Amino acid sequence: MLNTWVLRRVVVPEKTPPGGHQRNPSELPDLQKYEVVENRNNKPAGELKVILLQDIEGVGHQFDIVNVNRKFARTDLLLTGKATYASPFDLDYYAKMKESMKDELAKRVRIPYEYVKLGRELSKRTIPIYVSMDNEWTLNNEIIECALRYDGIDVRDDCIEIVGESISGPNFENEGKIVKFNVIINKEHTISMVGKISHISTDDKKQVLFP
């Protein structure tokens, strides 16, 4: 937060003539009177521009110039050496360093933060995989795709990779079985997920009880 008061004189003194001597302010007490124009004590200071010295998840990559919350910058970035102020000297210094490291930076595998965040959310979920207790089936990408879509996740079947041995049914020994599979984003980022087999039937009289 800023701690600034903007003041102005109540009585503006006359301009000192060229070659003259400025009068002692104590001779005119009214010249020492000021009035408040603005109190900026509670005015937000705004964001702080910094240069990242390493990759920071959710903020940016090394040598990126970003605007961040001042408190976050001072407590999490500047004090820990993860960033520096974007001063004219440092802007020039790190721009040259970035240029000298361009080949190394180009080789780094950098996963977009939105992919990382999505992966964390999806990996926490257990997807119900509904299979028939009346008709034969073999677990495949189409079944996983339908299970994901039923759970609100839209993924193409060619972006799904089932892990482990083949599972067929109906087989009630597989009821509640955990199935591992991967979802591939943009053919480069893999999210590991799990599902659980659940037998269902169009006949309401048939029901599988599983805790």
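Strand E1 (5-9) and strand E2 (34-39) each supply at least two of its residues. Val-36 lies in strand E2. Helices (H or I, at least four residues) and strands (E, at least two) are DSSP runs, numbered from the N terminus.

## Model and domains

This is a predicted model: local features need pLDDT of at least 70, side-chain atom pairs count only at pLDDT 80 or more, and totals for chains, interfaces and linings use all residues. Residues are numbered from 1 along each chain as its sequence is written, and side-chain values use heavy atoms, with hydrogens and water left out.

The domain assignment gives domain 1 (1-12 + 26-43), domain 2 (47-107) and domain 3 (115-200). Such bounds come from an automatic or database domain assignment. The C-alpha centres of domain 1 and domain 2 lie 38 Å apart.

Two strands pair if DSSP finds at least two bridges between them. Strand E3 (residues 48-52) and E4 run antiparallel, joined by 4 bridges. In this pair, Val-50 stands opposite Val-66 in E4.

Contact means heavy atoms within 4.5 Å. Axes are lines fitted to C-alpha atoms, for helices over the stretch in contact, and angles run from 0 to 180 degrees between N-to-C directions.

## The sheet of four strands

Another open sheet has 4 strands in the order E6-E11-E10-E8, with mixed pairing. Strand E6 (126-132) and strand E8 (160-163) stand at the edges with a single partner strand each, so one side of each has no neighbour in the sheet. Neighbouring strands are turned by 35° against each other on average, direction ignored. E6 and E11 run parallel, joined by 7 bridges. There, Ile-127 faces Gly-195 in E11. E10 and E11 run antiparallel, with 8 bridges between them. Val-183 stands opposite Ile-191 in E11. E8 is joined to strand E10 (residues 178-185) by 4 bridges, also antiparallel. Ile-162 stands opposite Phe-181 in E10.

Helix H4 (residues 113-123) packs on this sheet, touching E10 and strand E11 (189-200). Its direction makes about 25° with that of E11. Helix H5 (residues 141-150) lies across E6, E8, E10 and E11, running at about 125° to E6.

Most residues other than glycine have a negative phi, and most peptide bonds are trans. Asn-186 has a positive phi of about 55° although it is not a glycine. Asn-186 sits in the loop between E10 and E11. That hairpin has 3 residues between its strands.

A cis peptide bond joins Gly-169 and Pro-170, with omega about 10°. Pro-170 is in the loop between strand E9 (168-169) and E10.

## Salt bridges

How many salt bridges does the structure hold? There are 9 salt bridges. A salt bridge is a side-chain nitrogen of Lys or Arg within 4 Å of a carboxyl oxygen of Asp or Glu.

One of them joins the side chains of Asp-92 and Lys-96 (3.3 Å, N to O). Both residues lie in helix H2 (residues 88-100). Asp-92 and Lys-96 are 4 residues apart, about one turn of the helix.
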